[in-house]
Amino acid sequence: MEELQPLGMPAYTPVNAPVPEGEVVVERGSTAQQFGPKLNRTAADVVRFLLQQGEMVTATQSLSDDMMELFAAEVGAQLKMVDPGEEQEVQLRGRLGLDLVDDDEDYDSLPLRPPVITVMGHVDHGKTKLLDQIRNTNVVAGEAGGITQHIGAYQVEKGGQSITFIDTPGHEAFTAMRARGAEATDIVVLVVAADDGVMPQTLEAIQHARAAEVPIVVAINKIDRAEADPTRVMQQLSERGLIPEAWGGDTIMVEVSALQNFGVDDLLENLLVVSEVEDLRANATGRATGVVLESNLDIGRGPVATVLVQRGTLKVGDPVVAGAAWGKVRALIDDKGKQVKSVGPSTPVQILGLSEVAEAGDDFIVAPSEKVSREVAQTREHWQRQASLGSVPHIAAGGARLEDVFRHIQAGETATLNLILKADVTGSLEALTESLKKLERDDVKLNFVLRGVGGITKSDIQLAAASNATLIGFNVRPDRKVREISHHEGVEIRTYEIIYNVLEDIENAMLGLLAPEFEEVVTGEAEVREIFRVPKVGSIAGCYVLSGTITRNSKVRFLREGTIIWKGTVSSLRRFKDDAREVNTGYECGIGLSDFQDLKQGDTIETFEDREIPRT
Ligand code: GDP
C-alpha cells in the first residue's frame, strides 16, 4: 500500500506497552480518543497508525469497526464489538412495561387468533399469482367494489374464520424479518410448480421454514399444465424429509392451479386445519404489540407503517413506538382501504401519525403514555445514530465500482464494492440487502455506503461520486435533473424491479462478465398537468412534454416523487382532438392509459426503450 504521510505528522512507531488481557468491550462508533485508552494507547497512536494504512481520521471522529479491528490486531488485543444502546434497550423495554406482557401463564384460556401465512418457493413457481388469486376470490362480497390496496399483508375469510397472508412472497423478506428478531409467520406455504419440480430456492425456503420452526404446507402449483407431474414433486420433497400425508407422512400437500383458481379453497381449508393443530392464541385485550411489516413515506399522509398486531388491541389515539418512530395513532386503515377504529391480534393495518418511517422488522408497542413513547423512540434514535457511525464507510482505499470489480479480483486484490441502495419500501430494502450480503466472497466484499427509502436524489449522486459507489435503485428512479447530475458526475445508476436481476448483475460483475447487452434509454418525459375522466375510455392525462418525444405504443412508467407507481404502454396519444403518433418536447398532449386510473397532477410519465449496447 502506498504511504500517505502528510508533512509534519510523525510516523506511527509501535509502542510496546502491554494491552489488556481477554476481550476488550468496545462500542461501535467510538472515537480514537475513546478507543485508544481502552487498549492502553493514546488517541494519537491510533490516528497515526490508521494514517499509515491510508485512513485519514481525527481523534474525535468515529472509527469504523474495521479500523478498530485493524488497530487491535496490530497491538495484539482482542475486541468485542457491541452496539451502543444494547444495554439501554433492556431498560427502555422496562420503561414501556414490556416485561409486564406475559400471556403464557394461562395460554389455554386465551382466545384463538387467525394464522399468519408467508408464501415461499422458487422464482416463477406462482407465489404472486397464488397470493393474488386468494385475495381476489376471497374478498368478502360488498367490499369487492372497494379497491384492495397493497399494504404488505391482507386477511381473507374462509368458513367464518380469518387467515392472514403476508403479501411479500419469497424467503428474502421472511429472512430479513427474522434477522431483526421478528417472528411474524405461523405457517409457510411452499409453492412448487408441478412442471418444474424442486429447485434451489425451494430448498432454501424449506431450510428457512425449518430454522424458524414453522410448519410447511405444500401447494403443488400449475397442475393445469400438460407437463405437470405432481408425483415427481412429492417424490423430490420426500427425499428432503417432507413426506406427503398420502404416503404416510405428515406434510399436507395440495394440488392447485393459481391460474385457474383450482384447489385454492382446499389449500385455505388445510391452512385452517394446521392452524387448529398449532392452537394459535393471543390476548386480545390490553395494549397492542406487534411487528412492522412495511413502512414508507407517503406524500400526502406522511410516514405510513403497515404493522401486524400480534397481541392486544390497537386503537386510534393510542401512543405507539415502532423502532425509533413514535406518535399517536391518527388513523388506522385496513387492507381493504377502510378506516377502522381498532384491530385485534393477527390483523394487518396501516398506521398514520408516526413521526418517521419505521423499519420492516421493528417491533411496535402501544406505550403507557405519549410522553413515554416519545422518550423511548428518541433514546433509541440516539443510540442507533451512535451505532451507525461505526459502520459509516470511510472511503475505502480499495473501493471499486461494479465495472472495476473483476479487474481487482484478477490482480489478486480484495475488491470492495461500494453500493448505495435506494428502494421504494423498507421491506424491499431489507430483502435486497440480505440477498446481496450472501454474494460476498473472500475476495469481494460489499460495503453499503447508504441504504434508504425513496427516490434517487442529488445527494445520493454526490455521495456515490464521493465514495466511488455504484447506485442501485429498486423500484425507484432518478428524475431528469438527477440523471443529468449523474452523467456530469460520472456516477452509474442501475435501476431494477426484480431482486434476482440485481443479484445476477453483481454476480456477473464478480465473474468479469458484466457486459449488459441492453441499456434502457429514456426517450421522453412528460409532466401530468390535468386528469380527464372519459366515460368508457378511462383516464386521459393532460401532459406537457418536458424532454424527448412521447410515442404511441412505447413502453411507459409513471413516477410519483421518483417512485415507480405503474408500468405499461401508452395506449393512446392525442394532440388536441387528433390522434398523434408522437409528440415532441414543449408540446401538450393527452395520454391515454388503458388500465391505470390512479394518476395525479404532478406525476411524471417516462417513456423508454431498450437499446443494445456493444460489448467492450
Ligand atoms: P413467482 O415468481 O413465484 O411470484 O411467480 P408468479 O406468480 O409471478 O408466476 C410466474 C408465472 O407462472 C406467471 O406467468 C404466471 O402467470 C404463471 N403461473 C402461475 N401460476 C400458474 C398456474 O397455476 N398455472 C399456469 N399455467 N401458470 C401459472
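**Exercise 1. State which strands make up the open sheet of 6 strands, and in what order.**

Solution. The strand order in this open sheet of 6 is β4-β5-β3-β6-β7-β8, and the pairing is mixed. Strands here are DSSP runs of E with at least two residues, helices are runs of H or I with at least four, and both are numbered from the N terminus. Two strands pair if DSSP finds at least two bridges between them. The edges are held by β4 (153-158) and β8 (253-255); each has a single partner strand, so one side of each lacks a neighbour in the sheet. From one strand to the next, the twist averages 30 degrees.

The model is predicted: local features need pLDDT of at least 70 and side-chain atom pairs pLDDT 80 or more, while totals for chains, interfaces and linings use all residues. Residues are numbered from 1 along each chain as its sequence is written, and side-chain values use heavy atoms, with hydrogens and water left out.

**Exercise 2. Describe how β3 is joined to β5, and which helix packs on the sheet.**

Solution. Strands β3 (residues 116-121) and β5 (residues 161-166) run parallel and are joined by 3 bridges. I117 has F165 as its bridge partner in β5. Helix α9 (residues 264-278) packs on this sheet, touching β3, β4, β5, β6 (187-193), β7 (216-221) and β8 (contact: heavy atoms within 4.5 Å). The direction of α9 makes about 100 degrees with that of β5; axes are lines fitted to C-alpha atoms, for helices over the stretch in contact, and angles run from 0 to 180 degrees between N-to-C directions.

**Exercise 3. Identify the edge strands of the open sheet of 8 strands.**

Solution. The order is β13-β12-β18-β9-β10-β17-β14-β15, with antiparallel pairing. At the edges stand β13 (325-328) and β15 (339-340), each with a single partner strand, so one side of each has no neighbour in the sheet. Strand β12 (residues 319-322) runs antiparallel to β18 (residues 363-366), with 3 bridges between them. In β18, V366 is the bridge partner of V320.

**Exercise 4. Characterise the surroundings of the ligand.**

Solution. The ligand is surrounded by 15 residues (a heavy atom within 4 Å), the closest being D124, K127, T128, K129 and D224. This shell divides into 3 nonpolar, 6 polar and 6 charged residues. Helix α5 (residues 127-138) gives the most to the shell, with 3 residues. A backbone N or O atom of K127 lies 2.8 Å from a ligand oxygen atom. A polar side-chain atom of N221 is 3.0 Å from an oxygen atom of the ligand.

Key: A polar contact is a pair of N or O atoms within 3.5 Å; within protein, one must be able to donate a hydrogen and the other to accept it, and residues adjacent in sequence count only if both atoms are side-chain atoms. Ala, Val, Leu, Ile, Met, Phe, Trp, Tyr, Cys and Pro count as nonpolar, Asp, Glu, Lys and Arg as charged, and the others, Gly among them, as polar.
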